Amino acid sequence: MQQLFCKDSDIVDGVVTFTGETANHIGRALRMRVGEKVRLSTDSEKNYICRIISFTKDSVSFAIETETEDTEPSVSVTIFQAVPKGDRMENVIEKTVELGVRRIVPVEMKNCVVRIDEKKKPIRLARWRKIAESAARQSKRSAVPEISDFISFKEAASMMDGFDIALTPYENETGMKETALLRERISPGMNIGIMIGPEGGFAPEEVSCMEKHSDMISLGRRILRTDTAAIAMMSYIMIISEIRGEK
């Protein structure tokens with residue numbers, strides 16, 4: 001069953017109509033027909049099973065049949081991701097959205113290998129947001145995670161104080177005690193912030209800063225690439241939160 005997203009205001013008398021690119025995708029790419037069903041989530045995270053009732057040249061309409069369950073995680077996770085080179089940011093977005101991240105914030109750090117030109121940032125953000133929406137549809141999320149604007153490391157560090165739990169995976173941190181304790185610390189309803197360092201590693205002054213604003217943890221004895229670290233953290237937290245959410 002396909003996943004679609006709309007605003008609550010788009011639903012009129014139990015019917016929602018899509019036009020433009022979305023309608024074209026439904027009719028031409030997915031080749032859906034009248035009578036077929038989709039899962040629909042709104043901007044207030046209400047979720048419905050809907051049935052196609054009509055097609056026109058430029059639109060497709062769905063009738064709501066029944067409400068269905070929410071698929072969002074019991075915790076809200078924000079990843080502050082040091083901007084990586086190539087398509088690794090796209091990989092981080094796709095996989096962490098599938099795993100349940102709520103927001104991804106691109107962060108410019110001292111040892112980032114790439115520096116994105118200011119004029120190109122809106123283009124990158126637009127592409128990343130499309131990837132996030134596509135991943136949310138594929139994994140049947142009830143909401144499309146936010147891809148925030150680029151910020152500096154200083155801005156990101158100051159934001160870490162606002163989370164219930166703030167974590168920084170760090171390659172020089174030894175032992176897994178703090179990592180293991182997350183199994184008891186994470187509870188439904190928590191807001192969790194994660195700072196992921198760049199390919200060139202955290203600068204010494206960045207490490208000192210994060211020691212003040214977060215808990216430094218280890219992800220094991222192997223050195224992980226920046227995109228792997230983000231995915232590993234999300235995998236661990238989502239498994240913990242799903243288990244604890246069922247208790």
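**Exercise 1.** Is Thr42 buried or exposed?

*Solution.* This model is predicted. Start with the place: Thr42 sits in strand S4, residues 37-42. Next, take its relative accessible area, which is 4%. Buried means under 20%. Therefore Thr42 is buried. Now list its contacts, leaving out residues up to four places away in sequence. Thr42 touches Cys6, Lys7, Asp8, Ile11, Tyr48 and Ser142.

**Exercise 2.** Find which residues of helix H6 are buried, and explain how they lie around the axis.

*Solution.* Step one: helix H6 spans residues 204-213, and Glu206, Val207 and Met210 are buried there. Step two: these residues cover an arc of only 100 degrees around the axis, so they lie on the same side of H6. Step three: recall the helix rule. An α-helix has 3.6 residues a turn, so residues three or four places apart point the same way. Step four: turn to the other side of H6, where Pro204 and Lys212 are exposed. Step five: name the packing partners. The buried residues of H6 pack against helix H4 (153-159) and strands S11 (165-169), S12 (191-196) and S13 (215-217).

**Exercise 3.** Describe the largest nonpolar core, then follow one of its residues.

*Solution.* Count first: the core has 36 residues. Val77, Ile93, Ile192 and Ile237 have the most contacts inside it. Elements giving two or more residues include strand S7 (76-82), helix H2 (88-99) and helix H7 (226-245). H7 supplies the largest share, seven residues. Now follow Val77. Beyond its neighbours within four places in sequence, its contacts include Ile192, Ile194, Met234 and Ile237. Finally, a second, separate core has 19 residues, among them Phe80, Ala157, Phe163 and Tyr170.

Methods
Residues are numbered from 1 along each chain as its sequence is written. This is a predicted model: local features need pLDDT of at least 70, side-chain atom pairs count only at pLDDT 80 or more; totals for chains, interfaces and linings use all residues. Side-chain values use heavy atoms; hydrogens and water are left out. Helices (H or I, at least four residues) and strands (E, at least two) are DSSP runs, numbered from the N terminus. Buried means under 20% relative accessible area, exposed over 50%, partly exposed in between (1.4 Å probe, protein chains only). Contact means heavy atoms within 4.5 Å. The arc is that of the directions from the helix axis to the C-beta atoms. A nonpolar core is a set of buried Ala, Val, Leu, Ile, Met, Phe, Trp, Tyr and Cys residues joined through side-chain atoms within 4.5 Å.
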